[in-house]
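Subject: Structure for you to look over, with notes

Dear colleague,

I am passing on the structure we spoke about, and I would be grateful if you could read the notes below with the model open beside them.

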Amino acid sequence: MHRSLTRTLTLFGILAAAASALHAQDSFLDHWQARVNSTQAEQPHWVTPLVTVTPRLEQEFRTDFVRQVTPTHLDTWNYGNGKGLELIPTRHIELIFNVPPYIQHNSPSIKTKDGFGDVSFLLKYRFLASNEEKHNYILTAFVGGSLPTGSYSNGSTDASVSPTLAAGKGIGKFDIQSTIGTTLPVANGEKIGRPVLWNNALQWKANPHWWPEVEFNSTWYHAGDNDGKMQNFVTPGIVGRFPLHHRIGLTMGAGMQIATSSFHSYDHGLVFTARMPF
């Protein structure tokens, strides 16, 4: 009788501890999602552009697929494009943990092997934000980084840091999102180069689901093999956003990067994106 009572009390204790742990987990997730909802309600509800990194804070999983054809007819596919998990742990901060992209070279004349690229990550800090019901703007700073984990020369030889300033402004159904930043290698900067990147995305909310856009993606090269050169692409595209259940949704888009500068490392690059907010 005593042993039976002891076992029963022990079982009740285990069940109570499990219930308490599940309740704590549910409470943690509920508080997390409530904070994310509140944070995103304070900012504009535009969609993320195809190429330009949005100044908005997002919580989603993202993957891109990019095809580029170089002037020497090297056809390269980038699966993943260095995108991954995006989280909002606090009111003003987003953390992005990117999955290494897989690079496929489709040219028999090139000896470069297929393989994974570098690991990268990004931190966003939102300084100012006002949603469409108020002033419809946002100002954010980024600090990105990458580690030389690529295989078979599919990544950089050294780690790098990428500080960036991002802003956006909406007027009615139109918005512009802009970023300007640079990539600074931690070593061999004169060999690798220190490019300055300026991206601008102009979007139009055609209806609740579709956002046609055009982007201007510019790079000025300092040091490295392309020192003194400038590259610019005009990227027309369209992005669609579809809610599924509560916070879960699906965002998909496609576009083409068309070179407009005399120097360009590729042309008519295809960009496909798929994202799942949660």
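To begin with a definition, rings of Phe, Tyr and Trp (its six-membered ring) are taken to pair if their centres lie within 6.5 Å, and planes under 30 degrees apart count as stacked while those over 60 count as edge-to-face. Please bear in mind throughout that this is a predicted model.

Aromatic pairs

With that definition, the structure holds ten aromatic pairs. In one of them, the ring centres of Trp77 and Tyr79 lie 5.9 Å apart and the planes meet at 10°, so this pair is stacked. Tyr79 has a relative accessible area of 30% and is therefore partly exposed. In another, Tyr125 and Phe127 have ring centres 5.2 Å apart with planes at 65°, so the arrangement is edge-to-face. Both partners have some accessible surface, since Tyr125 counts as partly exposed at 34% relative accessibility, and Phe127 is likewise partly exposed at 46%. Phe65, Trp77 and Tyr79 form one aromatic cluster. Elsewhere, a ring meets a charge: the charged end of Arg35 sits over the ring of Trp32, at 5.1 Å from its centre.

Strand β1 and its partners

Strand β1, residues 60-69, is joined to strand β16, residues 267-277, by nine bridges, and the two run antiparallel; within that pairing, Phe61 stands opposite Met276. β1 also pairs in the antiparallel sense with strand β2, residues 75-80, over six bridges, and here Gln68 stands opposite Thr76. These two strands, β1 and β2, form a hairpin with five residues between them, and His73 in the turn has a positive phi of about 70°. A further antiparallel pairing joins β1 to strand β3, residues 84-90, through two bridges, and in it Glu60 stands opposite Glu86.

Backbone angles

Besides His73 in the hairpin turn, Tyr152 has a positive phi of about 55° although it is not a glycine, and Tyr152 is placed in the loop between β8 (137-147) and β9. His268 has a phi near 50°, again a positive value in a residue other than glycine. His268 is found in strand β16, and its relative accessible area of 42% makes it partly exposed.

Salt bridges

A search of the whole structure finds seven salt bridges.

A nonpolar surface patch

Finally, there is a nonpolar patch on the surface, with about 1100 Å² of accessible area together, whose members include Leu123, Tyr125, Phe127, Leu128, Val161, Leu165, Ile180, Trp198 and Trp220. Which strands each supply at least two of its residues? They are β7 (119-130) and β9 (160-171), and β7 gives the most to the patch, with four residues. Tyr125 and Phe127, the edge-to-face pair described above, are both members of this patch. Ile180, another member, lies in strand β10, residues 174-182. Patch residues need over 30% relative accessible area, and Ile180, at 45%, is partly exposed.

With best wishes

How values were computed. Residues numbered from 1 in each chain as written. Predicted model: local features only at pLDDT ≥ 70, side-chain atom pairs only at ≥ 80, totals over all residues. Heavy atoms only, no water. Patch = residues over 30% accessible without salt bridge, like charges linked within 9 Å, V, L, I, M, F, W, Y side chains within 5 Å. Areas by Shrake-Rupley, 256 points an atom, 1.4 Å probe, with all protein chains shown as cover. Salt bridge = Lys/Arg side-chain N within 4 Å of Asp/Glu carboxyl O. Buried < 20%, exposed > 50% of the residue type's maximum accessible area, 1.4 Å probe, protein only. Pairing = 2+ DSSP bridges. Lys NZ or Arg CZ within 6 Å of the ring centre and 35° of its normal.
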